Every structure is written in C-alpha cells, then in structure tokens.
Amino acid sequence: MNYHAYATLRVSYEDGIARVTLDNPPVNVLNAALMADLRHLLTALRDEDSIHVIVFDSANPEFFVAHVDMLLVDMPDAFDEFAADLPDGVNVFQALGEMLRHQPQVTIVKLAGIARGGGAEFVTAADMAFAAIGRAGIGQIEALMGIVPGGGGTQYLAGRVGRNRALEVVLGADLYDAETAERYGWVNRAVPADELDDIVDRLACNIAALPEGVIAAAKRAIVPEDLAEGLLREHDAWASQVVRPAAEHLIRGGMAHGAQTREGERELESLLRGLAG
C-alpha cells in the first residue's frame, strides 16, 4: 500500500477496508484541496487489490460536505489543474462523481451530518449510503444560488428517486431528513444515530470478507447506468445559469451573510431564500 499524506482526509486501512474521514474545516466545503485529495485517493485505490471496500465519513459531526466552495465566484481558475486529464464529456465536478460511481471497490457513505450540493452529489454517486436519524440532512441547494446541480446530481437523482422527485429536490431546494431520504430511495437506510457506525462497519466487514472475485462479479453484473448524454445536458444547463447576474448576486450575498461558516450553514436554505426575496 502506497501511503500518502492528505491535507483534507484521514485515511486508514484494515482487513480489506479503507476508512476515509473528510476533514476540511470549518464545514468541509468541496474546494480544490478536497477535490485533489479525493481524486488522488480514488486513483491510488483503483488498482489496489487488497482493498475491497471504501467507507467515507466526516470529522465534523454537523457536516459531511457542505457544498462546492462558493469562493469560486472569485477564483474561476481554481479547478483548472484538473482539466488536463478530464474524460471526454464531463466537467471537473462530474468527473469526481463518475470516478466514485465507477470505483472497483464497494463505496459506502456514513452520513451523520449535512450534505448539500456537491456533497449530496458525492453521497448519491457512492454505491451505498446510510443516514443517521435526527442528524443527517441531504439536499440540492443550487437553485437558491440561481443555478442547477452541475456535478452529476440531476442524473444521479433521477436514477435514484425518479424524475418527479428529482424535480422536487432540485427546484424545491430543501434539506431532506434521513427518513424522507430513505423513503425516496435517495439513501439505502435511515438508522438510529447511535447504531450508524455498527451497521456500516458490519456491512463493510462482511463485504470485505467475501470470497475472491465476488465483489468484482457483482459490480460487473450490476453496472452503473451510462449517463453520458445526460451529463452533457446537465453541464449545458448549469453553464447557462452560472454566468447570469442572479447567480453571482446570490452567491456573493450568501458569503456576506455567513455561508461557509458553521452558523450560516446550519440554516443555509433560509439564508439564501432571504436574499432572493
């Protein structure tokens, strides 16, 4: 195993499982540093035959991944370093989701806090997600910033919850609790918060202990849907909105009123609705 020091991740390996804790204070925004670390980790593990399962959680009990870094409004070139090796037909945010969706290991998210925007897209791209009742929240907040999801969220959602509920999630731009997310099919299960670790760890250990070849065979049989055309449509929709004055106004206004601070992120939907009103 090639151990690597990550700036925004804590990674440990044991019994065929890579345990990855996201740690990008104060609220785990998906910025260039976190993006780089996740891409490097997934690439490094892709051909690592000794790792069978990857479990993601967060060092922050309130936030899994808040959303994509809103400071990008002033740093449009921040993700240019990733553009050189992008697969055809996807943007940098979609590329991360597609890496996760096509990872040979089984990927599991322990959702014990909030995941919005790019964070929700990451959760939905994983093979499985388990959400803590009373603590987890998930939502696509982009409409309140004058845009639409641009990191695969529209396509991943439609596959998970259906078109009608995907439109509800994207245009309603609310935060969904664990029980609702389970009922919609957005996450595998909503579980008591004090049982989340045990439930996910037991599943991860059971999968990691399967006979050789079983995981690969299952992933060959249950393949991710080909979303190439949909991802192109999504990118075009996102790109057409992000250049509009309303998006810049809402994103800058959100930052000025506390977005990406712990306090502001706790009620981010209300904060942004206040700016649009």
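A salt bridge is counted here where a side-chain nitrogen of Lys or Arg lies within 4 Å of a carboxyl oxygen of Asp or Glu. The model shown is predicted, so that local features need pLDDT of at least 70 and side-chain atom pairs count only at pLDDT 80 or more, whereas totals for chains, interfaces and linings use all residues. Residues are numbered from 1 along each chain as its sequence is written, and side-chain values use heavy atoms, with hydrogens and water left out.

**View 1. Salt bridge between Lys219 and Asp127.** The closest N and O atoms of Lys219 and Asp127 are 2.8 Å apart. This pair links distant parts of the chain, Lys219 being in helix 8 (residues 214-221) and Asp127 in the loop between helix 3 and strand 7 (128-133), 92 residues apart; helices (H or I, at least four residues) and strands (E, at least two) are DSSP runs, numbered from the N terminus. Asp127 is partly exposed, with a relative accessible area of 30%, where buried means under 20% relative accessible area, exposed over 50% and partly exposed in between (1.4 Å probe, protein chains only).

**View 2. Salt bridge between Lys110 and Asp197.** The side chains of Lys110 and Asp197 meet at 3.0 Å, N to O. Because Lys110 lies in strand 5 (residues 106-111) and Asp197 in helix 7 (residues 196-208), the pair ties together parts that are 87 residues apart in sequence. Lys110 is buried, with a relative accessible area of 8%, whereas Asp197 is partly exposed at 43%. Both residues belong to a network of salt bridges that also links Arg19, Asp57 and Asp201, and a search of the whole structure finds 15 salt bridges.

**View 3. Salt bridge between Arg273 and Asp174.** The closest N and O atoms of Arg273 and Asp174 are 2.9 Å apart. Here too the pair links distant parts of the chain, with Arg273 in helix 12 (residues 268-276) and Asp174 in the loop between helix 5 and strand 9 (176-177), 99 residues apart. Arg273 counts as partly exposed at 36% relative accessibility, and Asp174 counts as partly exposed at 37%.

View 4. Glu234 is buried yet has no salt bridge, and the nearest side chain of opposite charge, Arg233, is 9.5 Å away; Lys and Arg count as positive and Asp and Glu as negative, while His and the chain ends are not counted. A polar contact of 2.6 Å joins the side chains of Glu234 and Thr154, the term denoting a pair of N or O atoms within 3.5 Å, of which, within protein, one must be able to donate a hydrogen and the other to accept it, with residues adjacent in sequence counting only if both atoms are side-chain atoms. Leaving aside neighbours within four places in sequence, Glu234 is in contact with residues including Gln94, Pro149 and Gln155, contact meaning heavy atoms within 4.5 Å.

**View 5. Arg165 and the ring of Tyr184.** The charged end of Arg165 sits over the ring of Tyr184, 4.0 Å from its centre; this requires NZ of Lys or CZ of Arg within 6 Å of the ring centre and within 35 degrees of the ring normal. Tyr184 is buried, with a relative accessible area of 14%.
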